[in-house]
Amino acid sequence: MCDAHPELVRAAGRVGDATAITCPVCEADKVVLVSYVFGPRLPAFGRCITSRRELQAIARRPGSFSCYVVEVCPSCAWNHLARTFLLNPARGRAAAR
Ligand SMILES: [Zn+2]
């Protein structure tokens, strides 16, 4: 997806979830996880998720949303799409959790 997106690297420093994974490229830093959500009424380049609560709020909206979790190295800006999943695969169910 977005290669060395400056916004992605900024997001990594600001809202990234720390991991224990050392960057495979520069080995100078641990990669962090940044989540993006794509779906109706969100920017075409996705919305960077800053908190778990924000993610849950979007999951409650009508429509289908996809979440992309990207591993980003804050040092060298290496990034890698770790996984994608549907935010609300069964709408109306499991929303109470
Ligand atoms: Zn790196």
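Student: What percentage of the 97 residues of the chain count as buried?

Tutor: Keep in mind that this is a predicted model. Burial is judged by how many other C-beta atoms lie within 10 Å of a residue's own, with 20 or more counting as buried; in this chain of 97 residues, 25% count as buried.

Student: How many helices and strands are there, and in what order do the elements run?

Tutor: The chain has 2 helices and 5 strands, and, read from the N terminus on, these elements follow the pattern α-β-β-β-α-β-β.

Student: Which residues of α1 are buried, and where do they lie on the helix?

Tutor: The buried residues of α1 are Leu8, Val9, Ala11 and Ala12. Seen down the axis of α1, they fall within an arc of 160 degrees, so they line one face of the helix. The face turned away from that buried side carries the exposed residues Pro6, Gly13 and Arg14.

Student: Which strands do the buried residues of α1 pack against?

Tutor: They pack against β2, β3, β4 and β5, where β3 spans 47-48 and β5 spans 79-86.

Student: Which residues of the largest nonpolar core touch the most other members?

Tutor: That core has 18 residues, and those touching the most other members are Leu8, Ala12, Val34, Tyr36, Val37 and Val72. At least two residues of this core come from each of α1 (6-15), β2 (30-38) and β4 (66-72), and β2 gives the most, with 5 residues.

Key: Residues numbered from 1 in each chain as written. Predicted model: local features only at pLDDT ≥ 70, side-chain atom pairs only at ≥ 80, totals over all residues. Core = buried A, V, L, I, M, F, W, Y, C linked by C-beta atoms within 7 Å. Buried ≥ 20, exposed ≤ 12 C-beta atoms within 10 Å, placed from the backbone. Helix = DSSP H or I, 4+ residues; strand = E, 2+ residues; numbered from the N terminus. Arc of directions from axis to C-beta. Contact = placed C-beta atoms within 7 Å.
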